[in-house]
Every structure is written in C-alpha cells, then in structure tokens.
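Hello,

Here is the structure I promised to send over. Have a look at it first, and my notes follow below.

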Amino acid sequence: MSTIISSKDVHLSYGNFEALHGITMDFKQNELTALLGPSGCGKSTFLRCINRMNDDIANVEITGKIKFEDQNIYSPKTDLVWLRKEVGMVFQQPTPFPFSVYNNIAYGLKLAGIKDKELIDQRVEESLKQAAIWREIKDDLNKNAQSFSGGQQQRICIARALAVHPKVVLLDEPTSALDPISSSEIEETLLNLKNDFTFIMVTHNLQQASRISDMTAFFMNGDLVEYGTTSDMFMKPQKQITSDYLNGRFG
Ligand SMILES: Nc1ncnc2c1ncn2[C@@H]1O[C@H](COP(=O)(O)OP(=O)(O)OP(=O)(O)O)[C@@H](O)[C@H]1O
Ligand SMILES: [Mg+2]
C-alpha cells in the first residue's frame, strides 16, 4: 500500500521547550496506526502537526517536513481549509456543536463548499450510517446533538468528520471519556471503516491498540522509540523499554 503521510525529522517547540525531537515516520493508506506512550511524551502534539492544528497555539515553532500525498503541508501555499477537509480530527471529549445533529454534519459540508441540499441530506445519512449511529437517531436529526449520550455524541463527531470524505482521520483518545460499552462500539465502528480511511489514533488503552491497529508507534519524551506492525510491537518488540511499556510495567 502506498504512503499517504510522511513525517521527516519533525521538531516542535513550545517557546523554548522542545516537545518533539525529530519524528520520522510514514503512514500507509488505509491502515490504522496507534500512537502510544506515557503522558506528556508528545503524542497529541505530533498528531496535531499532521493537520496543522498547532498553528493556532502561540510561540510554536516547527521544523522538518510533513507530506500529505505529494504536498508539503507546511508550505505557505497550503490551503488549511483543504488540508483539514482531507485530514479530519476527532477529539477526546465529544465536541458536537450546540445545534441539531443534521446541522452538525451539514456545517462541515457547507464549509467545504457543498450547498446542494440533496447532497447534504445524502452525506448526513451516509456518514451517520458509517459511524454506526443512523439507526438510533435517524428520527431525531433535528434534536440538539449535545442532548445525546457521550458515546452517541462521539459517534456524531465521527460522522461529522467522515461526512466531508477525508482521506485521513486523526483521533486523540477518542474513547477515553466513554464507558466500556460505548468504547467498544467506537472500536467496532473504526474496525469496519478502516479499509476506507487512514486512521491515526492516540490511545492509552493498550488492549484497544492491540485489538484494532495495524501499526503501532511507541513515543517517549518527545522521541519515536519504536514503530512497526502491531503484532511485532506486542509480540517481539526490538527494545526493552517498548516491551516494558506494552506489558504495562510503567505508564
Ligand atoms: N500548548 C502547550 N504549551 C506548552 N507546552 C505544551 C503545550 N501542549 C503540550 N505541551 C507540553 O508538551 C509535551 C507533550 O505534550 P502532549 O500533550 O503532546 O503529550 P501527550 O503524549 O499527548 O500526553 P497525554 O497522554 O497526557 O495526552 C508535554 O510536556 C506538555 O506539557
Ligand atoms: Mg494527549
């Protein structure tokens, strides 16, 4: 499979604190990669580099190169609206906007320039089906999205991310605020979708990573320590420290 995102020697500093010390890794199309590592190691920081979400933070300096397909995303020519349509994001806390389910999903479509009502209707249904929540809420599309349960809200957010037909979806601990049943529903959803999208997911849940990811990356203190297929990483990691982390010997 071909490489869709390629990161080369990415360093990121918040003021004079360097949080990423040169991250080089490639992501293949239609694979699900888990980013693992102890709190504060730079997982979210790196994830946000991939669709330039760190641009909005003051005093951030980034060097190195990230390519999405053939485009250097840090080139001044990059259109951020385009980039974030191609590389969507789902956060830890479900973050639906305080309006109807329908308008939550239509919002991103309108931003992407889609005005045709029929096409919007079709995308709303398609994306809610992909996020495995259509059956539960199809009669409540006009209800405020924030009135649903946490797990339902997170699936609405996944639908919102998918509706614009991104190629890559970044997920930052998408299930850590959810109960076990909702978490497993999200996992199931991602498993069903992973042949159609490229997912890059931060998680602290090692079992979750081993259940659903194809590739696993282990970060520590701003470095990528080890990266490989999930089965190799869990069964025969190259480094003792990776083995210790993946076996839960430290967190
Ligand atoms: N906006 C910011 N300003 C300054 N420092 C920051 C900022 N965001 C993160 N950091 C620092 O950068 C380092 C990496 O943080 P990051 O949030 O990427 O870690 P993480 O691996 O996602 O951790 P967690 O698992 O707790 O979410 C930490 O030392 C953190 O304190
Ligand atoms: Mg984080």
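In strand S5, Gln71 is the bridge partner of Phe68. S5 pairs with strand S4 (residues 60–68) in the antiparallel sense over two bridges; strands count as paired if DSSP finds at least two bridges between them. Helices (H or I, at least four residues) and strands (E, at least two) are DSSP runs, numbered from the N terminus.

This is a predicted model, where local features need pLDDT of at least 70 and side-chain atom pairs count only at pLDDT 80 or more, while totals for chains, interfaces and linings use all residues. Residues are numbered from 1 along each chain as its sequence is written, chains are lettered from A and ligands numbered from 1 in the order in which they are written, and side-chain values use heavy atoms, with hydrogens and water left out.

Back to the sheet: it is open, with four antiparallel strands in the order S2-S1-S4-S5. S2 (17–28) and S5 (71–72) are at the edges with a single partner strand each, so one side of each has no neighbour in the sheet.

Now the helices. Arg123, Ser127, Leu128 and Gln130 in H4 meet Ala159, Leu162 and Ala163 in H6 (contact means heavy atoms within 4.5 Å).

Last, a loop residue. Ala177 lies between strand S7 (168–172) and helix H7 (180–193). Leaving aside neighbours within four places in sequence, Ala177 is in contact with Gln92 and Gln93. The C-alpha atoms of Ala177 and Pro94 are 8.2 Å apart, although 83 residues separate the two along the chain.

Best wishes
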